[in-house]
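Below are some notes for a colleague opening this structure for the first time. Please read them with the model on screen.

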Amino acid sequence: MSSLHISPNIKASWTSRASFLPLLGCLLVGQSFLAACAGTPEDLRSGVKKVVSGVDEQIFLEDNIEKQLFHPNVIMKRGEAFFEKEEYNEALTEYNRFLDLFRNHVLAPYAAFKVGEVQLKLAKSIDRDPEPIQKAITAFERVRKDYPGSRYDAQAQQKLEDCHNWLAQMHLFVGQFYYRRGSYLAAAHRFEHIIKTYPDRLVAPDALYFLAMSYHELGADDWSRESLVLLANKYPNSTAVNDGNSLLAKLGGAKPGPQVAHKSDPSPIADIGVAAAGSPVSNLFSIPSPSGLGQAFTACRLGAWC
């Protein structure tokens with residue numbers, strides 16, 4: 001039997017078509033399959049899997065990235081990183097974001113505590129704006145109010161003590177500044193505020209002594225004596241007592257004893273600012289400052305930076 005004769009031209013045509021079909025399939029699937037088509041069937045399967053899963057994986061990754069940006073651990077780590085780099089404003093943003101999104105999270109007490117610590121870092125010194133200290137007080141009070149009994153409760157209380165000591169020192173600094181300028185009425189206002197608000201702070205004896213000095217400069221020696229008596233009896237171990245006794249002797253008063261202390265209680269200081277109109281106290285606080293700016297003194301709002 002003779003074999004079928006095929007024309008060389010037809011054979012060449014079939015051969016070219018057979019070789020073209022796989023290439024055409026690759027082009028139809030996509031350009032990324034070209035390398036797979038040139039290789040083994042395993043390469044082809046992996047290429048298909050890569051293209052098909054790539055779209056789904058991209059959607060998943062985008063969704064996951066969005067979730068991770070607002071994941072509590074991620075937010076906390078960003079805040080901690082900013083805090084370590086002393087980028088305190090950025091750290092404050094992250095800690096507040098954490099509290100806004102995860103108020104009841106196990107790390108929420110820590111985030112609230114760190115808000116207060118950041119504010120303390122933003123407070124430069126006692127001669128600067130006290131607003132960061134006031135915000136720190138608010139933050140630490142929030143820790144104690146919103147998360148009572150947490151491991152940061154006691155630490156927040158200690159920080160509150162530090163903040164109030166800071167404010168007391170700030171008022172003393174401002175009062176002494178006014179005193180040095182000769183603005184004795186403004187100085188007395190600051191010293192009184194310390195004695196009323198922070199009677200148990202370390203700066204209270206110094207404030208009482210400078211209050212007596214301010215009264216003396218204003219010509220109110222009776223009030224000055226009473227302040228010095230109170231100083232000697234309420235703060236007998238303070239460093240200001242010796243200077244106070246020297247001033248008291250200069251004013252013609254004897255060194256106070258227990259009976260004098262009894263007479264001075266309650267002190268006139270406790271009534272300053274609430275005296276009736278026309279009383280010596282109200283008159284004192286309406287007179288012009290004897291020196292300084294040469295203008296009538298307008299009392300600062302308590303707690304204001306002035």
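1. Leaving aside residues up to four places away in sequence, Glu94 touches Ile75, Arg78, Gly79 and Phe82. Keep in mind that this is a predicted model.

2. One of these neighbours also makes a polar contact: the side chains of Glu94 and Arg78 meet at 3.2 Å.

3. Glu94 belongs to helix 5, which covers residues 88–101. Is Glu94 buried or exposed? Its relative accessible area is 8%, and since buried means under 20%, Glu94 is buried.

4. Turning to the rings, a search of the whole structure gives 11 aromatic pairs. In one of them, Phe113 and Phe140, the ring centres are 5.5 Å apart and the planes stand at 55°, so this pair is tilted.

5. How accessible are Phe113 and Phe140? Phe113 has a relative accessible area of 4% and is buried. Phe140 is at 0% relative accessibility and counts as buried too.

6. Ring pairs also join several residues into a cluster, made up of Tyr179, Tyr184, Phe191, Tyr209 and Phe210.

7. A last point concerns a charge and a ring. Lys114 places its charged end over the ring of Phe83, at 3.5 Å from the ring centre.

Key
Residues numbered from 1 in each chain as written. Predicted model: local features only at pLDDT ≥ 70, side-chain atom pairs only at ≥ 80, totals over all residues. Heavy atoms only, no water. Phe/Tyr/Trp six-rings, centres within 6.5 Å; stacked < 30°, edge-to-face > 60°. Buried < 20%, exposed > 50% of the residue type's maximum accessible area, 1.4 Å probe, protein only. Lys NZ or Arg CZ within 6 Å of the ring centre and 35° of its normal. Helix = DSSP H or I, 4+ residues; strand = E, 2+ residues; numbered from the N terminus. Polar contact = N/O pair within 3.5 Å; in protein donor to acceptor, adjacent residues only side chain to side chain. Contact = heavy atoms within 4.5 Å.
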